[in-house]
Amino acid sequence: MTRPARKMKPSGIPWIGDVPTDWEICKLKFVVNAFTGNSIKDEEKDFYSSFPLESSHPYIATKDIDKITGRINYESGLRTLKRDTLFKLAPKYSTLLCVEGGSAGEKIAFTEQDVSFVNKLCCFYTSSINKKYLFYFLSSSAFKECFKSFISGLIGGVPVSVFKNFNISIPPTETQKKIAESLDEKCAEIDALIAVEEKMIAELKSYKQSVITEAVTRGVPAAANAARPLKDSGIPWLGSVPAHWEIRMIKRIFHVFSGTTPKSENPNYWDGPFSWITPADYKTPDKYVSSGRKNLTREGLLSCGLTLLPAGSIIFSKRAPIGAVAIARSELCTNQGCLSCVPRVDLNEEYFYFLMSVFTEQFELLGSGTTFKEISLSDFSKFLLPFPPKSEQCEIVKYLNEESNRINSVISVKQEKITTFQNYKKSIIFEYTTGKRES
């Protein structure tokens, strides 16, 4: 026997649509208490992280919230004293939503314990409706759509005073409970499926790194190479390399330059025809970089003695983070966060792209600094690298491009599956929290 169709009524809210006739619509401010957290100065963080666990609770930042699952990493943040009245507290079973910055309206979590939290997060606490139902409503695509339409400002965010006036659809108390329980079960199942795919992706990426490392330090794995004689490279962390390979300092392979930044306040230096690259412009899976977020004029280039680098140069980030690598696809220049390597000998630049990309950990060991680690031009230039004959460099590149494409295609399929799971999760949360689906 089929269940009779639910009687629906217009909610009067475009992003919610129709709701069951026994549901109410009201403003959030009538059913929740919402408030943002407190920031901590960098110089005070060591003090707050030193409190013993038994007398403290976590201090949650936006980065501590997993965007996909909504889980909080309670161990990654600082700890603040419970008796410290300077910090606002999100009580157990509250909802934390990012309301400012790049994750505004996206990162959301349900607390399992009392926590303090940063000023970019907002705590939603209620004693009027089911707490988990509130979490799922705030997680819904309907609420996020409304939230994002109000984002404004340079950093990007929505003030508490604005979203307190957003509407919420409220079912009867027992229905709220059933919806929360149903979504707990279904979302946990979906998250488990996503976790399996994410684990496989992590394993594939790790395998890809091992394939690259083996090839750039030992050569292409083939029967003909099985008995290839090896020699000690003289570098403890590198071990043995093929006996006929050379070991050279970077400065014997490349001319190494550091970039710089023209004065930002001078409009005559900017928006010209010359690509100006920062590390943020090539933190992508692509090997190549050809343009950045800003361009320079010739006057801007000359103002600080910037050198235009030829296509085929290797661009290496020396800080934040150390070790991001790209190849210049066309003529460009960089800021001071980059070290540019212009070949001084005949070589295959893709081989050195692969080579530098797997030595990140070793480059980081040479970094120094307090605010953030940075590798100096001098230390980078003296770094030792394997240098096989160019014919082998090309052979290795061909092999790695084929293997990388094969692995990347498998990763892409799994990422598509994750997207499908995420979209399904969004749809059921929307349907349950607006009454389109019964629990």
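Trainee: In this predicted model, is K287 buried or exposed?
Mentor: K287 sits in the loop between β16 and β17 (288–289). Its relative accessible area is 17%. Buried means under 20%, so K287 counts as buried.

Trainee: With which side chain does the side chain of K287 make a polar contact?
Mentor: Leaving aside neighbours within four places in sequence, K287 is in contact with A326, I327, E350, Y353, F354 and N401. The polar contact between side chains is at 3.3 Å, and the partner is E350.

Trainee: Is D232 buried or exposed?
Mentor: D232 lies in strand β12 (residues 230–232). Exposed means over 50% relative accessible area. D232 has 60%, so D232 is exposed.

Trainee: Which backbone nitrogen does the side chain of D232 reach?
Mentor: Not counting residues up to four places away in sequence, D232 touches G239 and S240. The side chain also reaches a backbone nitrogen at 2.9 Å, that of G234.

Trainee: How far apart in space are D232 and V358?
Mentor: In sequence, D232 and V358 are 126 residues apart. In space, C-alpha to C-alpha, the distance is 19 Å.

Trainee: Which residue is the bridge partner of F35 in β10?
Mentor: β4 pairs with strand β10 (residues 121–125) in the antiparallel sense, over four bridges. In β10, the partner of F35 is C123.

Trainee: Which element supplies the largest share of the largest nonpolar core?
Mentor: This core has 47 residues, of which L28, F124, F143, F147, F163 and I168 touch the most other members. Elements that each supply at least two residues include β8, β10, α2, α3 (141–149) and α11. The largest share is seven residues, and it comes from α5.

Trainee: How many residues are in the other core, which includes L238 and F316?
Mentor: In soluble globular proteins, nonpolar side chains tend to be buried together. The other core lies apart from the largest one and has Y351 and F363 among its members. Its size is 39 residues.

Trainee: Which residue stands opposite I277 in β21?
Mentor: β21 (333–334) is an edge strand of an open, mixed sheet in the order β18-β16-β21. Strand β16 (residues 270–277) and β21 run parallel and are joined by two bridges. Opposite I277 stands T334.

Trainee: How far apart are the end C-alpha atoms of helix α11?
Mentor: Helix α11 (residues 390–433) has 44 residues. At 1.5 Å a residue, the helix should span 64 Å. The distance between the end C-alpha atoms agrees with this, at 62 Å.

Trainee: Which residue just after α11 takes a positive phi?
Mentor: The phi value there is about 80°. The residue is G435.

Definitions and conventions: Residues are numbered from 1 along each chain as its sequence is written. This is a predicted model: local features need pLDDT of at least 70, side-chain atom pairs count only at pLDDT 80 or more; totals for chains, interfaces and linings use all residues. Side-chain values use heavy atoms; hydrogens and water are left out. The expected span of a helix is 1.5 Å times one less than its number of residues. Two strands pair if DSSP finds at least two bridges between them. Buried means under 20% relative accessible area, exposed over 50%, partly exposed in between (1.4 Å probe, protein chains only). Contact means heavy atoms within 4.5 Å. A polar contact is a pair of N or O atoms within 3.5 Å; within protein, one must be able to donate a hydrogen and the other to accept it, and residues adjacent in sequence count only if both atoms are side-chain atoms. A nonpolar core is a set of buried Ala, Val, Leu, Ile, Met, Phe, Trp, Tyr and Cys residues joined through side-chain atoms within 4.5 Å.
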